[in-house]
Amino acid sequence: MGGQVRIERHGGLGWIIFDHGQRRNAISAEMWQAIPAAAQTLDEDPDIRVVIMRGAGDVAFVSGADISEFEQQRSGVGAEEYDQQNARAFFALATLSKPLIALIHGFCVGGGCALSLTADLRYAANDAVFAIPAARLGLGYHAAGLEMLVNIVGQAAAKEIFFTARRFTAAEALRMGLVNQVVPKAELDGFVQCTAEEIAANAPLTIRSAKLILGELRREPEQRNYTAMAESVRACYASGDYAEGVRAFLEKRRPAFQGR
């Protein structure tokens, strides 16, 4: 078996689970192919408000792409198709309209680190280890992947990560801005669950608008979709959730947002 990408649903939370335990959740070609459908399924589910991705178990988030497949899958004429599969997976996760959280135990290496960069929020256990060892394998890295890294940690840290190809501790990743927070290993799952539920209780249209606008603001001004940004804000004010939020505030109670 080449591993699997599983979907789980618990209340308003959707989970994408990378499950390839024999290889520390390394992503096989079969798993790269499955990621876009998993992301789309949860993004289109009206009952899901937050998506969390993690590795099965607590030894690894994802230890990288499955290198045992490289000679067959990532060489010769197959190399381009393999890279296209990767690109489709990254794009599907990066363009989710809902908040995406990466819950990171243990190894977060190579393709695993790249997958974590597609998340809006990254929370790591204190045993997490990060690396992008492309230079140890002779791999080329496409501009889109490097751009995601630079947008998060900046040029100087991105160069250190790539040029040294070494492993970084969770504490080092936090200092670089690669993760939002480091949590004791035994507390990570509960911490992420509570954080995701806190987000899910907020107004979905407001969060969707903020995510869209923040994404657009990373583009050059002449490339931004100002119409889409303005429409997303208007949708918030025209929604029943806005009326509910105001009423709840005046009545001193928790709002019950419906996402419409």
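This is a predicted model: local features need pLDDT of at least 70, side-chain atom pairs count only at pLDDT 80 or more; totals for chains, interfaces and linings use all residues.
Helices here are DSSP runs (H or I, at least four residues), and axes are lines fitted to C-alpha atoms over the stretch in contact, with angles running from 0 to 180 degrees between N-to-C directions. On the H9 side, Leu 205, Thr 206, Ser 209, Leu 212, Ile 213 and Glu 216 meet a set from H10 made up of Ala 228, Met 229, Ser 232, Val 233, Ala 235 and Cys 236 (heavy atoms within 4.5 Å). Sorted by type, the residues of this contact come out as eight nonpolar, three polar and one charged.

H9 also turns up at the second largest pocket, where it gives the most to the lining, with four residues. Helix H8 (185-200), like H9, supplies at least two. In total 19 residues line this pocket, and Pro 46, Ile 48, Arg 49, Pro 204 and Arg 208 sit nearest its centre. The lining splits into nine nonpolar, four polar and six charged residues.

Residues are numbered from 1 along each chain as its sequence is written. Local features need pLDDT of at least 70 and side-chain atom pairs 80 or more, while totals for chains, interfaces and linings use all residues, and side-chain values use heavy atoms, without hydrogens or water.

Notes
Ala, Val, Leu, Ile, Met, Phe, Trp, Tyr, Cys and Pro count as nonpolar, Asp, Glu, Lys and Arg as charged, and the others, Gly among them, as polar. On a 1 Å grid over the protein atoms alone, a cavity is a set of points where a 1.4 Å probe fits but cannot get out, and a pocket is an open set with protein on both sides within 12 Å along at least five of seven lines; lining residues have an atom within 4 Å of a point.
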